[in-house]
Structures are given as structure tokens and as C-alpha cells.
Amino acid sequence: MFDLTGMTALVTGASGGIGSAIARGLAGHGARLALSGSNEAKLAEFAATLEGDHVTLACNLSDGAAVDALVPRAVEALGGLDILVNNAGITRDNLAMRMKDDEWSDVLRVNLEAAFRLCRAAAKPMMKARFGRMISITSVVGATGNPGQANYAASKAGLVGMSKALAAELASRNITVNCVAPGFIASAMTEVLPEGQKTALLSRIPAGKLGEGDDVAAAVVYLASRESGYVTGQTLHVNGGMAML
Amino acid sequence: MSETGDRVKKIVIEHLGVEAEKVTEDASFIDDLGADSLDIVELVMAFEEEFGVEIPDDAAEKISTVNDAIEYIDSHKG
């Protein structure tokens, strides 16, 4: 449907459930990839299953200096950077009243600050090329809130505001900045939920089923494509209708 | 203009799409040449690349005219 042939992309958190689906989606549409992740072994294992041209770049996103070096490493490996997908994210769930300082700051550092550092670095090659696609994976809870996730929801809502500001700054250079907000996506995490909780979860989703990584990947492929060039500063919600925003 | 001046002028003309005669040494990027703040960031990036100098943010902020750029580059290039 969309042709990403000749385009280059950096995907963070590429070995995770949603990240690997995004990587497969971009590669399947012809993009050359730099796959990033914190777990080198897991990353190599996933990369071995991926068809198409790609490199792996291990990076600890809680290390600011390492994050700042990631985009230059990707540019060097790929010869440019057209698409940045900020997908990596962590959770440290706790009720706000019990939340430790580092549970708050760890989540903000990885989910929001690292994404900002990567966007800041990616703006340079994208401005020069007069083309770019920055896509951040947020979450329905960034828009709706969720008990136990004050840190996570703040980081995801933060990505939305950041993306809008960047979209306004960079639109004149043909760089779009958007978010994709998944709802509940089937993963190793949702598989182990007790049956009662699963039923309760599904009752909140009009589509009556969990989403798949590929549903998120399709949205990313669209926002990465040349065809989406007039769409910027937006959040595309992929949630089976559980929140209509 | 000096050799640096000619190269700076060429970059400015290319990036801002302005007429050559408007790019005088005392022309202000923003007031006379219609640049916005993002254009300045791009110009600084282009100068860095062309001359192999690093222009830190606090120095970049002080570059507002063509001559400011030429002077900075002449005093910092290797």
C-alpha cells in the first residue's frame, strides 16, 4: 500500500512486542532499519528473524550521552535518517501516594527525555534532507489516565505535547511529527492476565478484542509514508474504540 | 569581500533564496534577509559544515549579520 523503498528508519525498543511488529512493518514496506534496544542478545535474536536490510544498535535509553550518540550512529550506519520511531517505553506502576522518586524519574527519563534527545538529534539530518518523519508511540492512558500509572501517563501525554511543538517548528522543512496511541495490545503481559480480568478488559473495548502489534505497525507505516506528508502534530489512536478522542 | 565572505554569502543566498545584492556585510539575517529562527539554525549548521568549525549555541545566538558570521568563522577556523 505504502512504499518506503529507499527510506531509512531508526526504531527504539525494536525487540519488544510492538517494536518488533513496527520493525517488520517498516521493513516489509521496503525501509532499511537501525534496530535499537537495551538487551543486545534479544535484539540480535529478533534481527536474525527479520528480512531486509538492517543493523542493530544497542543503547541504554536512560543514559543521556548514549542516547545523544544513537542518531549519529544510525545516520552513519544507514547513510541518512528519514524516519525515527520512538517506541521504547518502560513502566514502574505504583499508586501515586506510594510512588518513589526514582519510579517517577526513571519512566520520564526513558519514555520522554530520551525521545526528546532523539528527536533533537534527528532534526539535523532531516532538516538538511528537507524530509523527515518522527513518530512516537504513546498510549491511550496518556489521554485517559489510569490508576497506578501517574508516571507512565505523564510521560505519554508529554510525548504528545512535545510532538505538537516539534511539528510546529519543523513543518516548513517537510518534517512531520506525530504520535500513535495504542490501546490494549495482545502481548506477553496481557496473556498472563487472569480470565476474569481479561473479560473485564474486553468489556471496555467496543471491538471486543485486544489489538495486535500489526495494528500499531500499520499506523506507523502510514505516518512514515510520503503520502502522510500533510498530517502533522496528530495522534492516531489505535484502540478498537475504547476511547474515542 | 574576503574568501570567507564569498563562501558565507554563497551559503546565505542558497539557503534563504535571496538576491545576491541584498547580501551585504551588514545585512541582518532576520531584519534584512527575511530569515526566521529556524533558518538561522540551518545557516549555522551549513557554516559549520562548510568551514569545519564548531559554532556553540551561545556564539550562534550572537551571529545576527553576515559580517558577524564572517568574523566568527575567520577567528575560529583552523
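Helices here are DSSP runs of H or I of at least four residues, strands are E runs of at least two, and both are numbered from the N terminus. This is a predicted model, where local features need pLDDT of at least 70, side-chain atom pairs count only at pLDDT 80 or more, and totals for chains, interfaces and linings use all residues. Residues are numbered from 1 along each chain as its sequence is written, chains are lettered from A and ligands numbered from 1 in the order in which they are written, and side-chain values use heavy atoms, leaving out hydrogens and water.

**Around B:Glu48**
- B:Glu48 counts as buried, at 18% relative accessibility; buried means under 20% relative accessible area, exposed over 50%, and partly exposed in between (1.4 Å probe, protein chains only).
- The side chain of B:Glu48 comes to 2.8 Å from the backbone nitrogen of B:Ile55.
- Beyond its neighbours within four places in sequence, B:Glu48 is in contact (heavy atoms within 4.5 Å) with A:Lys124, B:Val53, B:Glu54 and B:Ile55.
- From B:Glu48 to B:Lys77 there are 29 residues in sequence and 9.6 Å in space, C-alpha to C-alpha.

**The UniProt span in chain B**
- An unreviewed UniProt entry gives the feature "domain: Carrier" at residues 2-77 of chain B; such annotations may be inferred rather than shown by experiment, and feature names are shortened, with positions in the numbering used here.
- Residues 2-77 of chain B are 58% helix and 0% strand, and the end C-alpha atoms lie 14 Å apart.

**Around A:Asn111**
- A:Asn111 belongs to helix H4 (residues 101-129) of chain A and is buried, with a relative accessible area of 2%.
- A polar atom of the A:Asn111 side chain lies 2.9 Å from the backbone nitrogen of A:Ile90.
- Leaving aside neighbours within four places in sequence, the residues in contact with A:Asn111 include A:Ala88, A:Tyr152 and A:Leu159.

**Where the chains meet**
- In this interface, 8 residues of chain A are in contact with 8 residues of chain B.
- The rule finds 4 salt bridges across the interface, where a salt bridge is a side-chain nitrogen of Lys or Arg within 4 Å of a carboxyl oxygen of Asp or Glu.
- A:Arg130 forms a salt bridge with B:Glu42, with the closest N and O atoms 2.4 Å apart.

Note on methods:
A polar contact is a pair of N or O atoms within 3.5 Å; within protein, one must be able to donate a hydrogen and the other to accept it, and residues adjacent in sequence count only if both atoms are side-chain atoms.
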